[in-house]
Amino acid sequence: MERAEDMWHRHLFIGVGLAVWFLQGPYAVGQLLSTTARKVPNFARWEMESVEMRDGRHLEGLIESESNAWVNLKQVRQPPGRPMFVVVRPLERSTVAKTVRLSEPQRQELAAKLHRFASQRTIERGRADVIRLRVYTEPDRHYLGYPGQWFRLESDLDEALTRLIAVRLEQMFTAYRDILAPRVELKRPLRLVIFGRMDDYRAYLRRYQLDVPNPACFIASANVVVAGSELSRLDIEYKRIAVEHDNINEELKSLEQEQGDRLVIAGQQLREHGVASPVIKRQMAAIRRDFDTRIKKKADELKLCNRKNHEVFQQATRQMFVRLYHEAFHAYLENYVFPQADHEVPLWLNEGLAVMFEEGLLESDTLRVDAPNRSALRRLQEDLRSDHPLPLRQILNAGSQAFMHNDDAAHYYAYSWGLVYCLAFESRLLDSPALEKLVAKNQRDVDPAERFEQLVGIPLDEFELQWRSYILALK
């Protein structure tokens, strides 16, 4: 049985993989943090074609065709932290200074990604339809099981929600793989267990003598990610709204049919009574306006119902998915990339990486982390502006208790995120010997501050001053 303290100790070894991917070479922090014009990298950035305009603009996307008169560009915009969108732009050749094309294999890959993006909802529904689920019954549990490529999913939610969760998790593990390729084979089954009631979630955790306030956690000793929610209760409301949607839709169809029939009958009756044509036209127009008003009102009801349905699902699932992605990433790193047996990862690094990735944008099986975690940034900036901000030395030395159930835990997560975000986006250091030394197992007994200074190449106090300025300048 795993004690609460053991659960948090398992975080010490999980985050290294992504950091290795982020960090390369000694961290020239003085130069990097003093740069006034920073270009934040997108670690899941697509390879795209580009068009240089004569007015200085730089447009990216897929060049669909070129002629002497026009360049047709499917422009791709990825605003940091916001969903991607695509705009088809016909550009006059006289306004174009230069075009840069990809190789044919790269073009085909980009075209396929754009197709998946345009059809994302349709594809997601199609993937959900082909998910193969089995019903399992145990003495104290009844659930649906999905044997995925990367994990085994167990869910007591209904079939539709279980299928959707399976698709989303498959997409996330594909994105993790693209960010950080697997380095080891799975040595024991990885399970993801989803509960639709928080009471059932807490009861399951008691098997491992755990009391976790968060709605998800990774239990390393059992190699299982467990997530709880109130989706079962909210699913009832979701289905009620779906029935309401169907009823309104039927009423709308009836109104549209009734309008046509009423106009035909009214026209016949007016002509039979010898009503003059101008009068018939006015009365028919009045009938049509009345029906148009009723149809518009019913169509507005349908839009509102659709919006309510969407909001019910979004509100019910967002928190669960954020925590699930956080813990699933830990599990992926432990099982497929950097097992505990071979690495010693500082807790701040592990948790900072997980916080950074928990709210990434998933687009066409690509995970974008090109903007700060808003809640972590807000909390960190508030603390740094206070009279008593936490010193970085305290974060680097923090043990598992600091990240557990106390008032300061959220601050430790925010500071850890801030450190990782700065190292990742400001230094762009990848596969550095300095980082390899930081996470090497033989560094366990080295002072954490000394290990960090070896990584960044300057004294901790000097780094801390520049780091605070960097964080406070983020938007």
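Which strands do the buried residues of α7 pack against? They pack against β7, β9, β10 and β11, where buried means under 20% relative accessible area, exposed over 50% and partly exposed in between (1.4 Å probe, protein chains only). The report below sets this packing in the context of the whole chain.

**Basis and overall composition**

This is a predicted model, in which local features need pLDDT of at least 70 and side-chain atom pairs count only at pLDDT 80 or more, while totals for chains, interfaces and linings use all residues. Residues are numbered from 1 along each chain as its sequence is written, and side-chain values use heavy atoms, with hydrogens and water left out.

The chain contains 16 helices and 13 strands; helices (H or I, at least four residues) and strands (E, at least two) are DSSP runs, numbered from the N terminus. Of its 475 residues, 50% are buried. The accessible surface of the chain is about 23,900 Å², and carbon and sulfur atoms hold 50% of that area; areas come from the Shrake-Rupley method with a 1.4 Å probe, and for residues only the protein chains shown count as cover. Among contacts (heavy atoms within 4.5 Å) with a separation of 6 or more, 73% join residues 24 or more positions apart.

**The mixed sheet**

Six strands make up an open sheet of mixed pairing, in the order β6-β7-β8-β9-β11-β10. Two strands pair if DSSP finds at least two bridges between them. β6 (134–138) and β10 (216–219) are the edge strands; each has a single partner strand, so one side of each lacks a neighbour in the sheet. On average, neighbouring strands are turned by 20 degrees against each other, direction ignored.

| Strand pair | Sense | Bridges |
|---|---|---|
| β7 (residues 141–147) and β8 (residues 152–155) | antiparallel | four bridges |
| β8 and β9 | parallel | four bridges |
| β9 and β11 | parallel | five bridges |

L144 stands opposite S155 in β8, and S155 in turn stands opposite I194 in β9. R191 has V224 as its bridge partner in β11.

Five of the five residues of β9 are buried, so this strand is largely enclosed by the rest of the structure. R191, V193 and F195 are buried on one side of β9, and L192 and I194 on the other, which leaves both faces covered. In a regular strand the side chains alternate between the two faces of the sheet.

**Helix α7 on the sheet**

Helix α7 (residues 198–206) packs on the sheet and touches β7, β9 (191–195), β10 and β11 (224–228); its direction makes about 150 degrees with that of β11. Axes are lines fitted to C-alpha atoms, for helices over the stretch in contact, and angles run from 0 to 180 degrees between N-to-C directions. M198, Y201, Y204 and L205 are buried in α7. Viewed down the axis of α7, the buried residues fall within an arc of 120 degrees (taken over the directions from the helix axis to the C-beta atoms), so they line one face of the helix.

**Nonpolar cores**

A nonpolar core is a set of buried Ala, Val, Leu, Ile, Met, Phe, Trp, Tyr and Cys residues joined through side-chain atoms within 4.5 Å. The largest has 46 residues, of which W348, M356, L419, F452 and W467 touch the most other members. Elements giving two or more residues to this core include α10 (347–358), α13 (409–427) and α16 (460–473). α13 gives the most, with 12 residues. A second, separate core of 38 residues includes I131, Y146, I165 and V225.
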